[in-house]
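User: I would like to learn how to read a protein model step by step. Could you take me through it, starting with the fold and ending with single side chains?

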Amino acid sequence: YKVPYAITFNSGTSTLHAALIALGCRPGTEVLTPALTPLMCGLAPYYTGATPVCVDSLPDTFLMDPIDIERKITENTRVILVTHMYGGVCDMDAIMKIAKKYNLSVLEDCAQCHMGKDNFDRLVGTIGDVGSWSFENSKQLTCGDGGIVTCSDSALATKIRKTGGLGFK
């Protein structure tokens with residue numbers, strides 16, 4: 001993936017949880033997450049104290065609807081948690097433009113889209129601020145359990161590592 005930082009965890013849920021904490025989620029903040037997603041994408045924001053806000057899916061792809069993402073943004077929105085589902089890749093160009101416009105972070109859940117690429121030939125997990133994968137038995141890339149997060153920002157990697165590593169960087 002050619003991303004400088006990769007941090008392993010005991011599960012994909014833990015990767016999402018740690019990344020959301022590192023991205024500033026806490027009580028009073030909101031995380032936009034797809035309505036059609038595994039339960040963990042709603043639980044991880046909840047574990048930080050943030051409120052998960054469901055975004056509609058497009059009927060032809062089952063992926064997040066960028067128009068509905070923009071409709072759901074409030075002053076409390078902090079992160080867009082993108083879930084690439086069933087090997088499909090969300091419209092990351094549109095999502096990244098929205099994130100930039102509103103100064104939001106983007107966390108990509110790639111557990112069901114290993115090695116997927118968008119229209120610009122970018123690998124999922126390398127487009128947003130953080131990429132996350134689960135290695136649970138039903139995923140495309142598995143080792144029984146576990147997970148990994150990747151990012152390109154050193155300070156963000158340190159925050160993620162401290163959350164998952166008992167405060168050690």
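Analyst: Let us begin with contacts across the sequence, keeping in mind that this is a predicted model. Among contacts in the chain between residues at least 6 apart in sequence, 59% join residues at least 24 apart. The chain contains 5 helices and 7 strands, and, read along the sequence, these follow the pattern β-α-β-α-β-α-β-α-β-β-β-α.

User: How should I read a helix, and which residues of helix H5 are buried?

Analyst: The general idea comes from the geometry of the helix: an α-helix has 3.6 residues a turn, so residues three or four places apart point the same way. In helix H5, which covers residues 154–164, the buried residues are Leu 156, Ala 157 and Ile 160. Seen down the axis of H5, these buried residues fall within an arc of 100 degrees, so they line one face of the helix. What covers them includes strand E1 (5–9), helix H1 (12–22), strand E6 (130–134) and strand E7 (147–151). At the start of H5, a side-chain oxygen of Asp 153 reaches to within 3.0 Å of the backbone nitrogen of Ala 155.

User: How many aromatic pairs does a search of the whole structure find?

Analyst: For an aromatic pair, one looks at the distance between ring centres and the angle between ring planes, and planes over 60 degrees apart count as edge-to-face. A search of the whole structure finds 1 aromatic pair. The rings of Tyr 1 and Trp 133 have their centres 5.0 Å apart and their planes at 65 degrees, so the pair is edge-to-face. This pair links distant parts of the chain, since Tyr 1 lies in the segment before E1 and Trp 133 in strand E6, 132 residues apart.

User: Is Trp 133 buried or exposed?

Analyst: Here a cut-off is needed, because buried means under 20% relative accessible area. Trp 133 has a relative accessible area of 5% and is buried, whereas Tyr 1, at 32%, counts as partly exposed.

User: How many salt bridges are there, and where do Asp 93 and Lys 97 lie?

Analyst: To read a salt bridge, look for a side-chain nitrogen of Lys or Arg within 4 Å of a carboxyl oxygen of Asp or Glu; by this rule the count comes to 6. Asp 93 and Lys 97 form one of them, with their closest N and O atoms 3.4 Å apart, and both residues lie in helix H4 (residues 92–102), 4 residues apart, about one turn of the helix. Asp 93 is partly exposed at 26% relative accessible area, while Lys 97 is exposed at 55%.

User: What relative accessibility does Asp 118 have, and does that make it buried or exposed?

Analyst: Asp 118 counts as buried, at 10% relative accessibility, and its side chain meets that of Arg 122 in a salt bridge (2.6 Å, N to O). Arg 122 counts as partly exposed at 29%. Lys 117 and Asp 121 also meet in a salt bridge, at 3.5 Å from N to O, and Asp 68, Arg 71 and Lys 72 are linked in a network of salt bridges.

Methods. Residues numbered from 1 in each chain as written. Predicted model: local features only at pLDDT ≥ 70, side-chain atom pairs only at ≥ 80, totals over all residues. Heavy atoms only, no water. Buried < 20%, exposed > 50% of the residue type's maximum accessible area, 1.4 Å probe, protein only. Helix = DSSP H or I, 4+ residues; strand = E, 2+ residues; numbered from the N terminus. Arc of directions from axis to C-beta. Contact = heavy atoms within 4.5 Å. Polar contact = N/O pair within 3.5 Å; in protein donor to acceptor, adjacent residues only side chain to side chain. Phe/Tyr/Trp six-rings, centres within 6.5 Å; stacked < 30°, edge-to-face > 60°.
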